[in-house]
Amino acid sequence: MSISAPLSHPSLVSRRLLGRVRDVMAGAGTAQQRLDKIVSIIAADMVAEVCSVYVLRAGEVLELFGTEGLKPEAVHNTRLRVGEGLIGIIAAQARPMALDDAQSHPNFAYRPETGEEAFHSLMGVPILRSGRVVGVIAVQNQTQRHYEEEEVETLQTVAMVLAELVVNGELISSDEMLLADGNALLPLRIEGVSLNSGIGVGTAVLHRPEFHITKLVAEDVGAEQERLRQAVSEMHGALDNMLEQSEIAGAGEHRDILESYRMIAKDAGWYARINEAISGGLTAEAAVQKIHNDIRARMSQITDPYLRERIHDLEDLAGRLLQHLVGSDGASKVDPKEGEISQGPLILIARNLGPAQLLDYDRTRLVGLVLEEGSATAHVSIVARALDIPVVGQVRGVLDKIQSGEPIIVDGENGQVFLRPGEEVCQSFIDSAEAGEQQKAAYVRFRDLPAETVDGERITLNMNAGLLIDLPHLHEMGADGVGLYRTEVPFMVRADFPDVDEQCQMYGRVLEQAAGKPVIFRSLDIGGDKVLPYWNKKNEENPAMGWRAIRVSLDRPMMLRHQLRALIRASAGKSLSVMFPMIAEVSEFEKARSLLQRELVREGEKGGILPVTISAGAMLEVPSLLFQLPQLLEMVDFLSVGSNDLFQFMYAMDRGNPLLSERYDMLSPPMLSLLHTLVGQCSGAGVPLSLCGELAGDPLGAMALIGAGFRNISVSPNAIGPIKALIRSLSVRELEFYMQTLYEQRQPSVRENLRSFARDHGVEA
Ligand code: PEP
Ligand code: MG
C-alpha cells in the first residue's frame, strides 16, 4: 500500500524550507553543526523520519556526513562506493530516485550500523555542483510512502543550496574531494565529453600499438624497397576490402572521410620519405618506424584540430604498414590481452584513432569507444556515429588507469566513463540503456501522427541537420521537413573546399534522402568557432562577432555564388529554400538575394532546369535586425529565429562560456515578449516565421514558443520524439492565456512558472 504524506502546496513548502536551510547555512556554528541542523529541518519539513547527507570523498566513496533518523554512530562510518547501493546508484547516474519499497530494490545495500531496516521508502537526489556529483541527499519513511514528483523537485532544490556547504571547503577539504588518481584498483568515474550518445557496458581493450622491430639495418637497399612496395600493395588491397564492407559502404560523410584516408594511403610524398630512409641504410620496417616516430613527435606540437586529424591518419597508416611488413610476430596492434577476451562486448580505449582503425575491431562485439583525445568532428567520431557506437572523448589519462580485461561503462549520454564498476552499476546501466531503447521505440509510435495539439492546432515540427547520417531520423521520427540544414558541417569534415559539382552532389543527396519533405538550406556559416580546416584562420579577438557567416559570403561573393549555383542545380525541378545567417542589416539580405537572382539567371541562360519554386529567407540572430523589421519583412519570403545567437547577442553573453551557462535563462520575460511581438509583426506582414535554435528542442522552451504564437519550430533529431509528444499533450488556448501573465514579469526566468503550468495541465514537458 502506498500513502502520500499530507503536504500543503509544494512550491510553498519548497520556498519555506529553502528559506530555513539558507538561514542555517549562513548562521553560526561549525559546518558539521549546521549540516546536522539542516538534515533535521528537512526531515521535519518533508514529513520524513530520516534525512541523510552523503558527501563524495576521494576514491569515489560516499560517506555519511549527517543524518536525522539513522543511528548517529553511523555518521562518518557508513561508506558506499559510487554505484553501490541505492545512494551509490543515485550518485553514479546523477539522477533522482523515489521508491515506495526501497528494500525490495535489487540495489538496496543493507548497512546494519545505520539501523535503516526500519525504513521502507526512500527518495534521494544527487547534490550537484557545475554538473558534477558532490554528494547525495536522501529522505526515508517507515511506511511504503509514495513520493510525489513535486517532492523530488523540492529535494533537488534543497540539494542545490546544500551543494554550497559541501564544496566551500568547510565540511571537507577540496583535496579530499578530488578523485583518487593513481589508485588504479578502485572503481573510478572520469568525466569526458560525449562524442556520440548511447550507453555501452563491456570489457576494456586497450589500443596501444607496440612494435618490436629486431632488424634495424639492411645492406640491400633494393630488396628493402621491394619489401616496402609489396607491403604497400597488400595494405591497399586490405584497405579496399575493408571499405567495401556492407555496413559502411553506403553514402555519407563517413564514407568521404574513409575515401580521403584511402587517398592519403596513396600519397606519394609519404612513400618517398620512407624510401629515403631505406636508402640511408634502414630496413623497410625501421624506415616506417622512423617516419612513424617523426609523426608522433610532430603531433605533440600541433594544436590545429584539422592537422592533428590528418596526422592521426598518417600514424594509423604507419602502424598498418608495419603490420604488413613484420607480420603478427614482430608487431602487436592491440594489447596482447585482447586475445584472452574471447567473448562478450568490448570497449575500445585509445589515445586517438584513425577512422579506419575502428573498423579493425569486430563490429559485432564493439559497444563503445573511449578516447583520451578526440572531438565531435574528428573523423573517428563521425565513423562511430555512422556505426551507432557510443563515444566519450577527452577522458584524460584513461589509458594509465585501466587495463585490458577490466570492466568499463561508456556513458555517452552524460560524457563519462566508469572504470571497474561493480556488477550492480553495470546492471543499472544495462537497464537504463534498455529503457532508452524502449523510450526511442515509444516515440516511434508518434511517427505517423501529426504534431497537433489537443485543441487541433497543427505545429510544423521540423528537424535540424548537418550530416547525411542525421537524415534517416527525418522519416524515423516523423518530422515534417528540415528546418535548418547547416551546410557548413559537411564542409568541416572534408580535406578541401568542395567545388560546384561536389557541392551539387552533396545537396542532391540531402534532397534525395529527404524524399520530398521540404529542406531549408542555410548558406555557409563559417568563421567564429566553425573553422574550415583548409581555410586560413584569422585570429580574431571576438570570433562570434567577427568575420563569419554572411559577412564572409558577401566579402567572398564567388564562394557564395558557387554555393548558390550548386543549390540551384541540385534543386532542378524541385523547390529550393535558402536562408542567410547572421544578417545584421537589410542591405546584407538584399545583396545575398541579388546574388541568388544572378545565379538563377545564369543557370537559365545556360539552359539548365530551374527549381520550380524558390524562397529566400533570413535568419534573425542579430538584434539590430529587430529595428528594421518593416523593411526586412517586405523583402524576405520567410524568417527563422536563430535563438542561440540572438540570445547571446541580446544578453552580451558568450554562448560557449561555461561560466555563464546558468547565469541567464532564455525563458526570460524579455526574450519571450520579444518573440511574442515578433509573431504578431510577421503574421501582420504575412511572412512565415520559425525558430531553429536550441530553445525549440528544450521541452519547456518549445511549449513557451507555441504559447507565444510560433507554429513552426525546428529541433535537433533526438528532440523530435519528445517535442512531438509534448505538442500532442498540449492545449494551446489555455497556454496562450497563461503566457499573457508572464511577459511583464520582473523575475529573470519564468521557467518555473512554465514548469508548473505543464505539470498542472498534464503537458508532457
Ligand atoms: C542559432 O544561432 O540559433 C542557430 C540556429 O545557428 P547556429 O547554432 O548554427 O549558430
Ligand atoms: Mg547562429
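Colleague: Let's start with β12: which residue there is the bridge partner of histidine 207?
Modeller: Keep in mind that this is a predicted model. Strand β9 covers residues 199-207, and five bridges tie β9 to β12 (residues 346-350) in the parallel sense. In β12, histidine 207 has as its bridge partner alanine 350.

Colleague: And β9 and β15, do they run parallel or antiparallel?
Modeller: Valine 201 stands opposite isoleucine 409 of β15. Five bridges join β9 to β15, and the direction of the pair is antiparallel.

Colleague: Staying with isoleucine 409, what is the bridge partner of that residue in β16?
Modeller: β15 (residues 407-411) and β16 (residues 416-419) run antiparallel and are joined by four bridges. In β16, its bridge partner is phenylalanine 418.

Colleague: Zooming out, in what order do the eight strands of the open sheet come?
Modeller: The edges are β7 (188-191) and β8 (193-196), each of which pairs on one side only. Pairing across the sheet is mixed, and the twist from one strand to the next averages 30 degrees. Reading across, the order is β7-β16-β15-β9-β12-β13-β14-β8.

Colleague: What's the angle at which helix α12 runs to β8?
Modeller: Helix α12 takes in residues 379-386 and lies across β8, β13 (366-371) and β14 (391-393). β8 is one of the edge strands of the sheet. The helix runs to β8 at about 55 degrees.

Colleague: Which residues of α12 are buried?
Modeller: This helix is mostly covered, with six of its eight residues buried. After the helix comes aspartate 388, with a positive phi near 65 degrees. The buried ones are His379, Val380, Ser381, Ile382, Val383 and Ala384.

Colleague: On to the ligand: of the 15 residues around ligand 1, which come nearest?
Modeller: One of the 15 is arginine 522, with an N or O atom of its side chain 2.8 Å from an oxygen atom of ligand 1. The ones that come nearest are Arg486, Arg522, Glu621, Asn644 and Arg655.

Colleague: How much of ligand 1 does the protein bury?
Modeller: Backbone N or O atoms come in close to ligand oxygen atoms, with serine 643 at 3.1 Å and aspartate 645 at 3.0 Å. Taken alone, ligand 1 exposes 290 Å², and the share of that which the protein buries is 99%.

Colleague: Which side chain does glutamate 488 make a polar contact with?
Modeller: Glutamate 488 belongs to helix α16 (residues 488-492). The cut-off for buried is under 20% relative accessible area, so glutamate 488 counts as buried at 1%. At 2.7 Å, its side chain makes a polar contact with the side chain of arginine 522.

Colleague: Why does arginine 548 count as buried, and what is its relative accessible area?
Modeller: Arginine 548 is in the loop between β19 (519-522) and α18 (550-555). Its side chain makes polar contacts with the side chains of aspartate 525 (3.1 Å) and aspartate 645 (3.1 Å). Buried means under 20%, so arginine 548 qualifies because its relative accessible area is 5%.

Colleague: By what distance are the C-alpha atoms of alanine 163 and valine 136 separated?
Modeller: Alanine 163 is in helix α4 (residues 149-167) and is buried, at 1% relative accessibility. Valine 136 is 27 residues away along the chain. The two C-alpha atoms are separated by 9.6 Å.

Colleague: Last one: what percentage of the residues of the protein count as buried?
Modeller: The protein has 27 helices and 24 strands, with an accessible surface of about 32,400 Å², 51% of it belonging to carbon and sulfur atoms. Among contacts between residues at least 6 apart in sequence, 68% join residues at least 24 apart. Of the 765 residues, the buried share is 54%.

Key: Residues are numbered from 1 along each chain as its sequence is written. Chains are lettered from A and ligands numbered from 1 in the order in which they are written. This is a predicted model: local features need pLDDT of at least 70, side-chain atom pairs count only at pLDDT 80 or more; totals for chains, interfaces and linings use all residues. Side-chain values use heavy atoms; hydrogens and water are left out. Two strands pair if DSSP finds at least two bridges between them. Helices (H or I, at least four residues) and strands (E, at least two) are DSSP runs, numbered from the N terminus. Axes are lines fitted to C-alpha atoms, for helices over the stretch in contact, and angles run from 0 to 180 degrees between N-to-C directions. Contact means heavy atoms within 4.5 Å. A residue is near a molecule or strand if one of its heavy atoms lies within 4 Å of it. A polar contact is a pair of N or O atoms within 3.5 Å; within protein, one must be able to donate a hydrogen and the other to accept it, and residues adjacent in sequence count only if both atoms are side-chain atoms. Accessible areas come from the Shrake-Rupley method with a 1.4 Å probe; for residues, only the protein chains shown count as cover. Buried means under 20% relative accessible area, exposed over 50%, partly exposed in between (1.4 Å probe, protein chains only).
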